[in-house]
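Please open the structure in a viewer and keep the selection tool at hand. The stops below are arranged so that each selection leads to the next.

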Amino acid sequence: MTTPILLGLTAFVVIFGAVLLRVILATQAYCAYRGRWLVRCPETKQTATVGVAAGKAAATALWGNPTLRLDQCSRWPERQNCGQECLQQIETDPDNCLLWNIVSRWYEKQSCALCHKPFGRLKHLDHVPALMNADRNTREWTEFRPEELAGIFSTYRPVCWDCHVTETFRRLNPKLIVSRDRSGESHA
Ligand SMILES: [Zn+2]
């Protein structure tokens, strides 16, 4: 193999490797910053739900360090022109700001309040677990505003999806349940 061909091949491998590395870093940036995040708003000192522009983070990661900007916030549109200082919390402690992690850790330590089945680590493709109030009403956790979940977690109890479906049916069909309980037969 001649020297020019060898040099050409070497240059191709180096350039291809560099491009591949940047694509991998961009993909990692996209995966790292998608989803919703809970932050402490520097202005109000209250919890806010924000979203990071993952596509922009990925695009900028092609050329260097990813640039983080918000693409949604529970305080928008009123405060849409804020300085987005809360992004620093996500950069320094992403694991504890990601909404999914916060919710998953809360359920992971507990069992269903009705059937007592342990939750374990939540999985994205599983049915969504629910929360039950003192009146035995259940709602999927995704129906609550994320920034209110810390307070909700202290007053509601965790319920698995199966029990949530059963309780919802019971609540929506009280006459059917009473009829079944009295007769001992199913009228469904
Ligand atoms: Zn259950």
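**First stop: a hairpin and its sheet**

Begin by selecting K45, which is placed in the loop between β1 and β2. The model is a predicted one. The phi angle of K45 is near 65 degrees, a positive value in a residue other than glycine. With a relative accessibility of 47%, K45 counts as partly exposed. The hairpin to which K45 belongs has 6 residues between its strands, β1 and β2.

β1 and β2 are paired in the antiparallel sense over 5 bridges. To locate one of the paired positions, select V39, whose bridge partner in β2 is A48.

The three strands form an open sheet in the order β1-β2-β3, with antiparallel pairing. β1 (36–40) and β3 (70–73) stand at the edges with a single partner strand each, so one side of each has no neighbour in the sheet. From one strand to the next, the twist averages 40 degrees. Strand β2 (residues 47–52) is joined to β3 by 3 bridges, and the two run antiparallel. Select V50 to find the residue that stands opposite C73 in β3.

Move on to P77, in the loop between β3 and α3 (87–92). Display the backbone here: the peptide bond from W76 to P77 is cis, with omega near 5 degrees.

Select Q84 next, which is placed in the loop between β3 and α3. Phi of Q84 is near 55 degrees, a positive value in a residue other than glycine. Is Q84 buried or exposed? Its relative accessible area is 8%, so Q84 is buried.

Select the zinc ion and display its ligands. Which residues coordinate the zinc ion? The SG atoms of C112, C115, C160 and C163 do so, at 2.3 Å. The angles subtended by the 4 donor atoms run from 103 to 116 degrees, which makes the arrangement tetrahedral. Along the chain, the donors follow the spacing C-x2-C-x44-C-x2-C. C115 lies in the loop between α5 (99–108) and β4 (130–132), whereas C163 lies in helix α7 (residues 161–172), so this pair ties together parts that are 48 residues apart in sequence.

Select β4, β5 and β6. They make up an open sheet of 3 strands in the order β5-β4-β6, with antiparallel pairing. The edges are taken by β5 (138–140) and β6 (157–159), each with a single partner strand, so one side of each is left without a neighbour in the sheet. In this sheet the twist averages 35 degrees from one strand to the next. β4 and β5 run antiparallel and are joined by 3 bridges. Select L131 to find a residue whose bridge partner in β5 is R139.

α5 touches β4 and β6, and its direction makes about 90 degrees with that of β6. α7 touches β4, β5 and β6, and its direction makes about 130 degrees with that of β5.

Within helix α7, select E167. E167 has a relative accessible area of 6%, so it is buried. Leaving aside residues up to four places away in sequence, E167 touches L114, R136 and T138.

**Last stop: the whole chain**

The secondary structure comprises 8 helices and 6 strands. Along the sequence, they follow the pattern α-β-β-α-β-α-α-α-β-β-α-β-α-α. The radius of gyration is 25 Å, well over the 16 Å that the globule rule gives for 188 residues, so the protein is more spread out than a compact globule. Orient the view along the principal axes: the C-alpha trace spans about 90 × 50 × 25 Å.

Colour the residues by accessibility to finish. Of the 188 residues, 31% count as buried. Among contacts between residues at least 6 apart in sequence, 50% join residues at least 24 apart.

Notes:
Residues are numbered from 1 along each chain as its sequence is written. This is a predicted model: local features need pLDDT of at least 70, side-chain atom pairs count only at pLDDT 80 or more; totals for chains, interfaces and linings use all residues. Side-chain values use heavy atoms; hydrogens and water are left out. Donors are N, O and S atoms within 2.8 Å of the metal (3.2 Å for Na, K and Ca); water is not among the atoms, so sites may look incomplete. Four donors count as tetrahedral if all angles lie between 85 and 135 degrees; four count as square planar and six as octahedral if opposite donors are over 155 degrees apart and all others between 65 and 115; anything else is irregular. Helices (H or I, at least four residues) and strands (E, at least two) are DSSP runs, numbered from the N terminus. Two strands pair if DSSP finds at least two bridges between them. Axes are lines fitted to C-alpha atoms, for helices over the stretch in contact, and angles run from 0 to 180 degrees between N-to-C directions. Contact means heavy atoms within 4.5 Å. The radius of gyration is taken over C-alpha atoms; the globule rule is 2.2 Å times the number of residues to the power 0.38. Buried means under 20% relative accessible area, exposed over 50%, partly exposed in between (1.4 Å probe, protein chains only).
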